[in-house]
Amino acid sequence: MGIRGSSHCGIRFAAQVMVLLCVPVGALADPAGRSLSPTNIFAPVSTPAHSIMGLSLFVLAVTAGIFAIVFSLLVYCVVKFGKPPDDDGREPPQVYGSNQVELAWTVIPILIVVVLFLATARVIASIQKAAQPRNAIQVIAIGHQFWWEYRYPDLKVVTANELHIPVSDPAHPTPTFITLLSADTDHSFWVPRLNGKTDLIPNHPNSMWMDPQLTGLYLGQCAQYCGTQHAKMLLRVYVQSRQEFDHWVEQQRQPAQTSTTVSEGQRVFETTACINCHAVSGTLANGRFGPDLTHLMSRETIASGAAPNTPENLRLWIQNPDSIKPGSKMPAMGLSDQQLDAVTAYLATLH
């Protein structure tokens, strides 16, 4: 996966475990009925995530052992060599030049680092060198400031911000392989319960894969600072049964619905700068700078997860994007209230 594009396993990943556990991003129920955070790395549902969790636990165990030994020695020294009652205040005799001690504190840390390096390299290699079966789902994910574009080249589907993939039955694996591209600056694709971090670097394609064995919604985050709204460039991955996924694909292939009752809103949409950035299949809109809106209302959120996809939020987003996502690249179009109502009504028909 190239420079900076590995799964970022190992020591760096383990150091972020406590940060992840403190992120209250909602709750998800597992088959046993327990409430789980959608970003909990200790509840992996995909093969790469299982491998990374095993590595992170190993690293934590090693570092916890080092901490326990060092802390115990410190306590022992404090108790054993504390100031005695008859201390006369003079400096005790100093001992220098113990070759055995110097050799020990040089060789042991080197051996620990080598073990951690080899363990990390093994996990990275096992993830990156996984073979692609013929039935694998192919997705191209493109990071934009500040949203995600998803293209399914084999399925002829284009969508934004909400990634849909099928569940992978261990008996008949159906992994999803994702090619990661960037349209502007560095981004980072990270859904902790499905895989580790992989960076999206301009002019340097990267890739990752996942084979989730449990349906549900899994949340993630752009984990590479990419500008003002980096924190609101959220990831939503919907893992569906194969039947549900095929039904979703069939819906996404359909052209945009049209209705004479919203013709005024469509006219306003097609006669403003909206069509320079957005695409709606079957219409004059063929922009590529912003999300494809053909099936906008099939998504649960707008602004890359920043707000629920309701008519009220959609109208506010069109009127003043900065009210939902300050620093957004989408400009306020300066529409009148009547035009806002008409465009909102038109977009609300795009299921």
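Residues are numbered from 1 along each chain as its sequence is written, and side-chain values use heavy atoms, with hydrogens and water left out. As the model is a prediction, local features need pLDDT of at least 70 and side-chain atom pairs count only at pLDDT 80 or more, while totals for chains, interfaces and linings use all residues.

Let's start with helices α3 (residues 47-80) and α4 (residues 99-128), whose axes come within 10 Å and cross at roughly 175°. Helices here are DSSP runs of H or I with at least four residues, strands are E runs of at least two, and both are numbered from the N terminus. Axes are lines fitted to C-alpha atoms, for helices over the stretch in contact, and angles run from 0 to 180 degrees between N-to-C directions. On the α3 side, the contact (heavy atoms within 4.5 Å) is made by Pro-48, Ser-51, Ile-52, Leu-55, Phe-58, Val-59, Val-62 and Ile-66. α4 answers with Ile-112, Val-115, Leu-116, Ala-119, Thr-120, Val-123 and Ile-127. By class, this contact of α3 with α4 has 13 nonpolar residues, two polar and no charged. For that sorting, Ala, Val, Leu, Ile, Met, Phe, Trp, Tyr, Cys and Pro count as nonpolar, Asp, Glu, Lys and Arg as charged, and the others, Gly among them, as polar.

Next comes helix α9 (337-347), which packs against α6 (residues 263-270) at an angle of about 100°, with the axes 7 Å apart. That makes α6 and α9 roughly perpendicular to each other. Glu-264, Gly-265, Gln-266, Val-268 and Phe-269 of α6 meet Gln-339, Ala-342, Val-343, Tyr-346 and Leu-347 of α9. Six of the residues in this contact of α6 with α9 are nonpolar, three polar and one charged.

α9 also meets α8, and those two axes come within 10 Å and cross at roughly 125°. So α8 is oblique to α9. Among the α8 residues in this contact are Pro-311, Leu-314 and Arg-315, and α9 brings residues including Asp-337, Leu-340 and Asp-341. The contact of α8 with α9 divides into six nonpolar, two polar and three charged residues.

Both α8 and α9 turn up again at the largest pocket, where α7 (274-277) and β13 (301-302) also give two or more residues to the lining. α8 gives the most, with three residues. The pocket holds about 690 Å³ of space. Of its 35 lining residues, His-278, Gly-290, Pro-291, Trp-317 and Met-330 are the closest to its centre. The lining has 22 nonpolar, eight polar and five charged residues.

How many cavities of 30 Å³ or more are there? The count comes to one, and the largest cavity has a volume of about 70 Å³. On a 1 Å grid over the protein atoms alone, a cavity is a set of points where a 1.4 Å probe fits but cannot get out, a pocket is an open set with protein on both sides within 12 Å along at least five of seven lines, and lining residues have an atom within 4 Å of a point. Grid points are joined across faces, edges and corners, and a volume is the space filled by probe spheres set on the points. Trp-147, Glu-149 and Arg-151 are among the residues that line the largest cavity, as are Gly-290 and Pro-291. β4 (147-152) and β5 (157-160) each give two or more residues, and β4 has the largest share, three.

Finally, the backbone. Most residues other than glycine have a negative phi, and most peptide bonds are trans. Gln-145 and Phe-146, however, are joined by a cis peptide bond, with omega about 5°. Phe-146 sits in the loop between β3 (137-144) and β4. Asn-203 is not a glycine but has a positive phi of about 60°, and lies in the loop between β9 (198-200) and β10 (206-210).

How values were computed:
Angles under 35 degrees count as roughly parallel, over 145 as roughly antiparallel, 65 to 115 as roughly perpendicular and the rest as oblique.
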